[in-house]
Amino acid sequence: MTDYSILETINAPADLKKLELSKLPLLCQEMRQAILNRVSKIGGHVGPNLGVVELAVALHYVFESPKDKIIWDVSHQSYPHKILTGRKAAFIDDSRFGECSGFTAPEESEHDIFTIGHTSTSVSLAYGLAKARDTLGNKENIIAIIGDGSLSGGEAFEGLDNAAELGTNFIVIINDNEMSIAKNHGGIYGNLAKLRASKGNASDNYFKAIGFDYQYVENGNNAAELIKVLQQAKDTQKPLVIHVHTLKGCGYKPATEDKEHFHWTTPFDLKTGKNLETSSSENYGTIIADYLDKKAAADKRIMVINAGTPGALCLQEYREKHPSQYIDAGIAEEHAVASASGMAHYGIKPVALFFGGFIQRAYDQVSQDLCINKSPAVMIIEGTGISGGDVTHLSIFDIPLLSNIPNLVCLAPSTKEETLKMLDWALEQTDFPVAIRTPWEAPSHLTHAPKAEIKLGKFEITKQGEKVAIFGLGSFLELAERTAAALEQQGINATIINPRFSSLLDKELLEEISQKHDTIITLEDGCTSGGFGEKIARFFAEKGIKTYCFGANKEFTNRVSATELYRRYKLSPAEIIKTVLK
């Protein structure tokens, strides 16, 4: 049984302050044991959290949270902070894992100021707090922690640039573990390397150049050393950057030897570091990566662009095999999209891959730089659909977001084979930008699988029937088939349509449908408000034909299971039929 003799006495930061400095190394060891207990069993961010245990201890030892505001960028490094602020049970007691999310959450604790799950935001959020504090005449410390690749995001620069002019208390801690999620990419990391090599004394200093005072801490995994530095920084009356050098994965050998893999991982064996879970389903990420590998080998104009998440999108092997045809743009979706537009304009064939919950960060560039210019770049939006994810990582809003931008052709494949056809079609055309939307897992079987070639704006009837027509967009074509099969038991022979395009209507086919059908059902694995179904409903409403749109509600959900969400949204053949027939 794991010994948490010191950690058991820590229920709030006030308890931590009572400890002698000599006790802190043992406390840090116990905190690492607690983190590993949780992440090895349910998965989570491993390396980032193990690397900042001493930093979290030092912050709460010196500052007076929640009066002093501590903002953790992207929350990849917030587990030690959670342990010290009353949530240790969610790491020690297996039965209580569900009490605590993987990201900062104000509903959990007064020590979490914001819900944060996207990167590069902490400095801007902290600047807003500092400006409000100064306006109100308050005196508390404002501390933003940023690292793990977050400095490559444009908002990080914007926040630093603005905050440097504050002239009052503002502390930015740069957690420099020499990594992003994967290897660092971007010029600022060259400056961090110079600063590390010179122990903070290099004449080239990005932070000083824009107006910050600067201090370097070489051993960021020494709590006593950090406490000394933070005590000197406390109540500073000028914007200050404290550059802390830490080891990603500190205290767990597998995590220090394979930093990219252990950034975030599924459950694993603590002794070996080997993952316990394997999926038997074919993954769209590997399907697309294999396709791009073959295309890149045959065509040097193929250029794959990724915004700092190669592992999540299965691009590691492609990255190694085609280094000259791969760009890691850093945590910078905006730059990735705009640069893809530039490449496409010059005759390159850019393919930019994004996680569906992050693409909204580049909305302006998709609209302005890509679509107004009709640049024939290809975007692949992966990991979409209804899920039990954290509120910051939902991926159900991309259809309304993208499909309503002029000139952008949005595709939703229903099978692996259709995905490959769409990729070929998207890369061969040169008239407009294309977005292809995929969930994590590919359907294993469709009775009425699509067969027709891809043609702009053309839907396909995969099963001809009458009276009821069911549109199953993308992965929900399989749900359309199951619904049609259930309707057959009610004596109704329904038509099944694979729309393929979420941004366009096949009005010729819709006119044909309107002649023989009096009830329409649309199914989409995303938010229905502003989505595909509404476009279909608007067309048929003018003809007096009833349309039922099924998909996700317009709401933020937080770790609500997919099973519960499917129940809530009536996404089963029985519930769909019950709603329609009544």
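Modeller: Contact here means heavy atoms within 4.5 Å. The model is predicted.

Biologist: What makes α13 and α18 meet, by residue?

Modeller: From α13 (residues 284–298), the residues Y284, I287, I288, Y291 and K295 are in contact with K416, T419, L420, L423, D424 and L427 of α18. By class, this contact has 7 nonpolar, 1 polar and 3 charged residues.

Biologist: Why are α13 and α18 called oblique to each other?

Modeller: The axes of α13 and α18 are 11 Å apart, at an angle of about 40 degrees. Angles under 35 degrees count as roughly parallel and 65 to 115 as roughly perpendicular, and the rest between them is oblique. The helices α13 and α18 are therefore oblique. The crossing of α13 past α18 is right-handed.

Biologist: Why is I302 called buried?

Modeller: Buried means under 20% relative accessible area. The value for I302 is 0%, so I302 is buried. This residue lies in strand β8 (residues 302–306).

Biologist: Which residues is I302 in contact with, leaving aside its neighbours within four places in sequence?

Modeller: Those contacts of I302 are K295, A296, Y318, Q325, K349 and L427. Among them, K295 of α13 and L427 of α18 also belong to the contact of those two helices. As for P350, 48 residues from I302 along the chain, the C-alpha atoms of the two are separated by 5.9 Å.

Biologist: How do you know that β15 and β17 pair?

Modeller: Two strands pair if there are at least two bridges between them. Strands β15 (residues 467–472) and β17 (residues 517–527) have 6 bridges, in the parallel sense. At V468, the bridge partner in β17 is T519.

Biologist: What makes β14 and β18 edge strands?

Modeller: The open sheet has 5 strands in the order β14-β16-β15-β17-β18, with mixed pairing. Both β14 (460–463) and β18 (546–552) pair on one side only.

Biologist: Where does α19 lie?

Modeller: Helix α19 lies across β14, β15, β16 and β17, and runs at about 160 degrees to β15.

Biologist: Why are α19 and α23 also described as oblique?

Modeller: The axes of α19 (residues 477–488) and α23 (residues 573–581) cross at roughly 60 degrees and come within 9 Å. Roughly perpendicular begins at 65 degrees, and roughly parallel is under 35. The helices α19 and α23 are therefore oblique to each other. Their contact is made by L479, R482, T483, A486 and L487 of α19 with P573, I576 and I577 of α23.

Technical notes
Residues are numbered from 1 along each chain as its sequence is written. This is a predicted model: local features need pLDDT of at least 70, side-chain atom pairs count only at pLDDT 80 or more; totals for chains, interfaces and linings use all residues. Side-chain values use heavy atoms; hydrogens and water are left out. Axes are lines fitted to C-alpha atoms, for helices over the stretch in contact, and angles run from 0 to 180 degrees between N-to-C directions. Helices (H or I, at least four residues) and strands (E, at least two) are DSSP runs, numbered from the N terminus. Angles under 35 degrees count as roughly parallel, over 145 as roughly antiparallel, 65 to 115 as roughly perpendicular and the rest as oblique. Buried means under 20% relative accessible area, exposed over 50%, partly exposed in between (1.4 Å probe, protein chains only). A crossing is left-handed if the near helix is turned anticlockwise from the far one by less than a right angle, and right-handed if clockwise. Ala, Val, Leu, Ile, Met, Phe, Trp, Tyr, Cys and Pro count as nonpolar, Asp, Glu, Lys and Arg as charged, and the others, Gly among them, as polar.
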